[in-house]
Amino acid sequence: MESPLVESAEADDQLRYQLGSVLDDVESYTSAALTGEFRTARLTEEIGVTRAMHGIHPSESIRAAIEMFGVLLPEVIRELRAGGGDDAATLAAAVTLNAAIMRRVGLGSVSYASFLLKRVNNSHRDERNRIARELHDRAAHSIGVAIQDLELHDIYRDEDPEHAREKIVQAAALMRDALAAVRETAQELRFSTESHGGLREAVAEYMHVHVPDAIEAGVTVTGDLGRLPSEVTEEMFIVLREAVRNGVRHATPRSIRVTIEMHDGKAVAKVQDDGVGFDMTRTRPGIGLLSMSERIKLLGGDLLVSSIEGAGTTVTITVPVTEVQ
């Protein structure tokens with residue numbers, strides 16, 4: 001079957017243990033004892049989480065369950081017949097076999113979904129925290145300093161009018177900066193692939209608005225992005241947007257290029273800058289990069305960052321393509 005469920009020795013051992021516990025259920029024609037049932041349930045939940053972490057879809061578990069039932073049923077019937085079992089015993093064993101397998105598939109699917117939901121919530125939390133930091137570091141700071149300038153204006157107004165006017169000018173400039181920060185954040189929240197006509201258009205518009213004119217920027221697309229489901233394009237846009245933002249803020253680049261290619265059943269997107277780069281052996285990934293990686297993992301894909309000091313940084317995301325019906 002070329003199943004990814006047996007790609008590691010650990011996964012193979014888990015499947016063998018599950019197989020044994022299924023046979024235990026069938027042998028007794030009922031559920032296992034309470035202690036054994038608890039162990040089986042917990043193992044099944046752990047397997048669901050493990051498969052989610054490795055990007056293995058529950059459909060693979062269902063494929064394995066169908067195969068398991070088809071292999072075990074003839075053996076169970078043969079054993080029963082050899083032991084003098086009648087039709088009623090055979091039917092009971094078949095029903096128990098199906099229930100034992102599907103109970104494990106159900107538990108594994110629930111733990112798989114719960115793990116992914118937790119990842120989604122973590123990604124959303126990280127995004128909210130980032131927005132909060134943006135508002136605090138830029139808007140709130142500018143407003144706070146502006147208020148101080150206004151208070152100083154009141155102090156200097158009578159004794160030093162010229163100095164007082166300078167404080168008014170400074171306060172006005174800071175308030176404009178704060179307003180710009182709030183507008184940028186609000187505009188960024190409204191950005192989506194749906195509202196801009198697709199992934200390429202959304203990335204291009206974001207770069208047009210948020211990449212300074214001094215930095216050469218461009219987007220190149222190869223292949224039909226219409227093959228990507230809308231939820232995939234939206235998550236890819238969020239990750240590409242974050243990669244572009246990081247390049248602008250931290251890399252001091254002369255150029256930033258985004259390329260998106262569709263080939264061999266996957267979408268590959270890269271954000272490349274020619275900025276200062278960094279030593280990957282000494283730099284730990286920040287919250288933003290971890291959140292980007294989590295989003296791509298939720299799509300069953302991978303995120304890779306490569307950088308050389310003085311030679312720029314490349315962020316590569318690879319996502320499997322599921323055809324839009």
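Me: Which residues have the most contacts inside the largest nonpolar core?

Reply: This is a predicted model, in which local features need pLDDT of at least 70, side-chain atom pairs count only at pLDDT 80 or more, and totals for chains, interfaces and linings use all residues. Residues are numbered from 1 along each chain as its sequence is written, and side-chain values use heavy atoms, leaving out hydrogens and water. A nonpolar core is a set of buried (under 20% relative accessible area, 1.4 Å probe, protein chains only) Ala, Val, Leu, Ile, Met, Phe, Trp, Tyr and Cys residues joined through side-chain atoms within 4.5 Å. The largest has 33 residues, and those with the most contacts inside it are M236, L240 and V258.

Me: Which element gives the most to this core?

Reply: Elements giving two or more residues include α6, β2 (255-263) and β3 (266-273); helices (H or I, at least four residues) and strands (E, at least two) are DSSP runs, numbered from the N terminus. The most, seven residues, comes from α7.

Me: Which residues form the aromatic pair, and is it stacked or edge-to-face?

Reply: Rings of Phe, Tyr and Trp (its six-membered ring) pair if their centres lie within 6.5 Å; planes under 30 degrees apart count as stacked, over 60 as edge-to-face and the rest as tilted. Here the centres are 6.4 Å apart and the planes lie at 85°. The pair is therefore Y206 and F237, edge-to-face.

Me: Why does Y206 count as buried?

Reply: Its partner F237 is buried, with a relative accessible area of 1%. Y206 counts as buried because its relative accessibility is 3%.

Terms used
Buried means under 20% relative accessible area, exposed over 50%, partly exposed in between (1.4 Å probe, protein chains only).
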